[in-house]
Amino acid sequence: MRIYLVRHGETVLNQKGCYYGRTEAALSSRGREQAKKLGTFFKNVPLLRIVSSPRLRAAETADIIMAEYTNERREELQIEREERLTEQDFGIFEGGTFRELAKRYPEEWEQWNRDFSGYRIPGGESFADVRRRTEDFLRDLKRFSETVDRETAILLVAHKGTLGHFLAACLELPLEGYWNFVFEQGCYSRVDLEDGYAIIRRLNQSV
C-alpha cells in the first residue's frame, strides 16, 4: 500500500515561529497556494482514502487538495478526520516562541529541554504521548493494508510532529527517531507498506 504524507500549508503562526498544537490557525495565502499546488499533483492519483487531522490548518489543506481532485474515484472519496493525527498539545507553551517561552516559563522550559522525549508539558503532551497515538493509528493502517493490493494509495494530511512520529514508527525507530525527519510545507512524501516492511519512496518531493 502506498501512503502519501503531506504536512499542512503555512500559517501565520508558522511565520512567527510559534509552538502550537491544539491552537487553531488558518492557512496563510502562501499556505493556500501550497495546498493548491499539491492538489494539482494529487488530482489524478487514484486515492482510495484521504485521512486528515481535524485541526483547521490540516483540514483546510485537505479540503483544497480534494477540490482539485479529478480522478474517477472522486465521488467515492470523503475526507476522514482522525484525532490521532493531531499535532502535539503543547499545553502552557501553546502559541509562544522560543524566546517568549524561555522567559515566561524558565523552569518548565529547562525541564522540557532536558528531557524532550519524556517530559509532559503542563496541560499538554509529551513526545511519548504523541508517538503512542501515532503508533496506534499505524497499527490500524497495517491491518487495512492487508486487505488491499500494493497499488492502493491513501493520503494523510497532518503536522510536522505527527508525521515525524508516524514515519519513525513505520521504520520501527526508537522515539528519538523523530529527529531524523523534517516535513516541509508544500511538499509530499511517500512510504510504501510491502510484506510487513516500510519503504520510503519519496521525502519532501516538491511539485
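How many bridges join strand 1 to strand 4, and in which sense do the two strands run? Six bridges join them, and the strands run parallel. Helices (H or I, at least four residues) and strands (E, at least two) are DSSP runs, numbered from the N terminus, and two strands pair if DSSP finds at least two bridges between them. The model is predicted: local features need pLDDT of at least 70 and side-chain atom pairs count only at pLDDT 80 or more, while totals for chains, interfaces and linings use all residues. Residues are numbered from 1 along each chain as its sequence is written, and side-chain values use heavy atoms, with hydrogens and water left out.

Strand 1 also pairs with strand 5, here in the antiparallel sense and over five bridges. Residue V6 illustrates both pairings: its bridge partner in strand 4 is V157, and its bridge partner in strand 5 is Y188. Strand 1 is mostly covered, with five of its six residues buried. Buried means under 20% relative accessible area, exposed means over 50%, and partly exposed lies in between (1.4 Å probe, protein chains only).

These pairings belong to an open sheet of six strands in the order 3-2-4-1-5-6, with mixed pairing. Strand 3 (79-81) and strand 6 (197-206) stand at the edges with a single partner strand each, so one side of each is left without a neighbour in the sheet. On average, neighbouring strands of this sheet are turned by 20 degrees against each other, direction ignored; the axes behind this value are lines fitted to C-alpha atoms, for helices over the stretch in contact, and angles run from 0 to 180 degrees between N-to-C directions.

The next topic is the nonpolar interior. In soluble globular proteins, nonpolar side chains tend to be buried together. A nonpolar core is a set of buried Ala, Val, Leu, Ile, Met, Phe, Trp, Tyr and Cys residues joined through side-chain atoms within 4.5 Å. The largest such core has 22 residues, and those with the most contacts inside it are I3, L5, F137, L141, L156, F166 and V191. Two or more residues come from each of strand 1 (2-7), helix 6 (127-145), strand 4 (153-158), helix 7 (160-170) and strand 5 (187-194). Helix 7 gives the most to this core, with six residues. Leaving aside neighbours within four places in sequence, F166 is in contact (heavy atoms within 4.5 Å) with I3, L5, T134, F137, L138, L141, L156 and V191. A second, separate core of 18 residues includes Y4, I50, Y69 and I79.

A search of the whole structure finds zero disulfides, a disulfide being a pair of cysteine sulfur atoms within 2.5 Å. C170 is in no disulfide, and the nearest cysteine sulfur, that of C187, is 19 Å away. For the sulfur of C187, the closest cysteine sulfur is in C170, and this distance is too far for a bond. C170 is buried, with a relative accessible area of 6%, and C187 also counts as buried, at 12% relative accessibility.

Two residues deserve a remark on their backbone angles. Most residues other than glycine have a negative phi, and most peptide bonds are trans. E172, which is not a glycine, has a positive phi near 55 degrees. E172 is placed in the loop between helix 7 and strand 5 and is exposed, with a relative accessible area of 64%. N204, likewise not a glycine, has a positive phi of about 55 degrees. N204 lies in strand 6 and counts as partly exposed, at 23% relative accessibility.
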